[in-house]
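Here's a quick tour of a model, meant to be read with the viewer open. Take a look at the structure first, and then we'll walk through it.

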Amino acid sequence: MKNFVVKTTANAAALAVAVWLLDKITLTGDSTGKKVGTLIIVALLFGLVNFLVKPVVKVLTFPLFILTLGLITLVVNALMLLLTSWLADKFDVPFHVEGFWTAVLGGLVISIVSWAMNVVLPDDKD
């Protein structure tokens, strides 16, 4: 359970950095508390998308991973972020990613920040 909380916190922090850095990734809310709640919901959606959909996409695009020496990962991450944005829209969560290239940059930012957060935060396998 602790690992789940750590991963969700890291995702929420990474999404917050992406929202802060990129103008075309938007998160709206009346107060800071609502924005934090929205970030947590989006982090849970993003984690669910990465848990359920990303492995299937990686298997289906395995030849492209080999051919591009892994650079296709940027495209896959962007597609996962766009899917998260689409799901957030379906659940009336005020989070939106505008455009593919914004999603590529956002996916890159989220990957870097998530990696850094997972290095810093404890990762107990309990």
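## A loop residue to start with

L22 sits in the loop between α1 and β1 (25-27); helices here are DSSP runs of H or I with at least four residues, strands are runs of E with at least two, and both are numbered from the N terminus. L22 counts as buried because its relative accessibility is 15%, where buried means under 20% relative accessible area, exposed means over 50%, and partly exposed is in between (1.4 Å probe, protein chains only). L22 and A10 are 12 residues apart along the chain, and their C-alpha atoms are separated by 18 Å.

Some ground rules before going on. This is a predicted model, in which local features need pLDDT of at least 70 and side-chain atom pairs count only at pLDDT 80 or more, while totals for chains, interfaces and linings use all residues. Residues are numbered from 1 along each chain as its sequence is written, and side-chain values use heavy atoms, with hydrogens and water left out.

Which residues make the nonpolar surface patch of about 420 Å²? They are F4, V5, V36, I40 and L44. The elements giving two or more residues to this patch are α1 (2-21) and α2 (32-52), and α2 gives the most, with 3 residues. For the record, patches are made of residues with over 30% relative accessible area and no salt bridge, with nonpolar side chains (Val, Leu, Ile, Met, Phe, Trp, Tyr) joined within 5 Å and like charges within 9 Å. The accessible areas come from the Shrake-Rupley method with a 1.4 Å probe, and for residues only the protein chains shown count as cover.

Zoom in on V5, which is found in helix α1. V5 counts as partly exposed because its relative accessibility is 43%.

## The largest pocket

Now for the empty space. Rolling a probe the size of a water molecule over the atoms shows where such space is left. The largest pocket has a volume of about 370 Å³. A pocket is an open set of points on a 1 Å grid over the protein atoms alone, where a 1.4 Å probe fits, with protein on both sides within 12 Å along at least five of seven lines; lining residues have an atom within 4 Å of a point. Grid points are joined across faces, edges and corners, and the volume is the space filled by probe spheres set on them.

There are 20 residues lining the largest pocket, and K7, N11, F46, G47 and N50 lie nearest its centre. The elements that give two or more residues to this lining are α1, α2 and α6 (100-120), with α2 giving the most, 7 residues. By class, the lining has 9 nonpolar, 9 polar and 2 charged residues.

K34 is partly exposed, at 48% relative accessibility, whereas D30 is exposed, with a relative accessible area of 72%.

## Positive phi in two loops

L69 isn't a glycine, yet it has a positive phi of about 55 degrees. Look for L69 in the loop between α4 (62-67) and α5 (72-90); L69 counts as exposed because its relative accessible area is 77%.

D92 is another non-glycine residue with a positive phi, near 55 degrees. D92 lies in the loop between α5 and β2 (95-97) and is exposed, at 70% relative accessibility.

## Two helix residues

T38 lies in helix α2 and is buried, at 9% relative accessibility. T38 and F100 are 62 residues apart along the chain, with their C-alpha atoms separated by 22 Å.

A16 is found in helix α1 and is partly exposed, with a relative accessible area of 28%. A16 and V76 are 60 residues apart in sequence and 20 Å apart in space, C-alpha to C-alpha.

Key
A salt bridge is a side-chain nitrogen of Lys or Arg within 4 Å of a carboxyl oxygen of Asp or Glu. Ala, Val, Leu, Ile, Met, Phe, Trp, Tyr, Cys and Pro count as nonpolar, Asp, Glu, Lys and Arg as charged, and the others, Gly among them, as polar.
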